[in-house]
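Trainee: I am new to this one. Can we walk through it step by step?

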Amino acid sequence: MQGYTVLFLLLVLVSCKTDYEDILLQGVVTDELSGSTIHKAKLGVTIWIYGNSPDESYSEEIFETLTTDSLGKFELKIEAAAFIQVHVSAPGYQDAFENINIRGKKINLDFALNPDM
């Protein structure tokens with residue numbers, strides 16, 4: 001019986017489709033081999049929002065671009081989101097992607113890019 005209760009709670013949590021507000025996405029982009037930071041890496045962030053969608057599908061999609069600073073750091077303030085996808089690229093490196101179901105107001109996301117071979 002206890003196992004069914006845990007399963008039920010997990011299903012309820014997974015099925016909750018809600019937007020989080022005032023989200024901070026931050027992190028650093030580094031070289032996978034050397035560990036050195038990569039400045040001027042480009043990030044594309046696609047933000048999906050449920051809003052007031054009656055069928056619980058995403059009602060709005062926003063695309064933001066940003067570039068890492070001289071220390072390889074990036075920061076993006078997001079007004080509201082339920083799901084985001086981040087694409088990172090830098091000359092001489094393989095692109096990296098990350099999909100995130102939003103579950104809080106602060107997201108720390110670091111990328112270690114592999115050099116092109």
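Mentor: Start with a term. A nonpolar core is a set of buried Ala, Val, Leu, Ile, Met, Phe, Trp, Tyr and Cys residues joined through side-chain atoms within 4.5 Å. Buried means under 20% relative accessible area, exposed over 50%, and partly exposed in between (1.4 Å probe, protein chains only). This is a predicted model: local features need pLDDT of at least 70, side-chain atom pairs count only at pLDDT 80 or more, and totals for chains, interfaces and linings use all residues. Residues are numbered from 1 along each chain as its sequence is written, and side-chain values use heavy atoms, with hydrogens and water left out.

Trainee: What pattern does the chain follow along the sequence?

Mentor: Helices (H or I, at least four residues) and strands (E, at least two) are DSSP runs, numbered from the N terminus. The chain has one helix and eight strands. Read in order, the pattern is α-β-β-β-β-β-β-β-β.

Trainee: How many residues does the largest nonpolar core have?

Mentor: Buried residues make up 36% of the 117 residues in the chain. In the largest nonpolar core, L25, I84, V86, F111 and L113 have the most contacts inside it, and its residue count is 26.

Trainee: Which elements give two or more residues to this core?

Mentor: In soluble globular proteins, nonpolar side chains tend to be buried together. Here the contributors of two or more residues are strand 1, strand 2, strand 4 (73-81), strand 5, strand 6 and strand 8 (111-113).

Trainee: Which residues does L113 touch?

Mentor: Contact means heavy atoms within 4.5 Å. Leave out residues up to four places away in sequence. L113 then touches V29, T30, D31, E32, I38, V88, A90, Y93, Q94 and A96.

Trainee: Which two residues form the aromatic pair?

Mentor: Rings of Phe, Tyr and Trp (its six-membered ring) pair if their centres lie within 6.5 Å; planes under 30 degrees apart count as stacked, over 60 as edge-to-face and the rest as tilted. A search of the whole structure finds one such pair. It is tilted, at 5.2 Å centre to centre and 45° between the planes, and its members are W48 and F83.

Trainee: How many residues apart are W48 and F83?

Mentor: Both W48 and F83 are buried. W48 is in strand 2 and F83 in strand 5, so the pair links distant parts of the chain, with a separation of 35 residues.

Trainee: In what sense do strand 5 and strand 6 pair?

Mentor: Two strands pair if DSSP finds at least two bridges between them. F83 stands opposite N101 in strand 6. Strand 5 (residues 83-89) and strand 6 (residues 96-101) have six bridges, and their sense is antiparallel.

Trainee: Which residue in the hairpin turn has a positive phi?

Mentor: Six residues lie between strand 5 and strand 6 in this hairpin. The phi in question is about 85°, and the residue is G92.

Trainee: Is T46 buried or exposed?

Mentor: T46 lies in strand 2 (residues 42-49). T46 touches E61, I62, F63, F83, I84 and Q85, not counting residues up to four places away in sequence. Its relative accessibility is 11%, so T46 counts as buried.

Trainee: What is the phi of K40?

Mentor: Most residues other than glycine have a negative phi. K40 lies in the loop between strand 1 and strand 2. At 58% relative accessibility, K40 counts as exposed. K40 is not a glycine, yet its phi is positive, about 65°.
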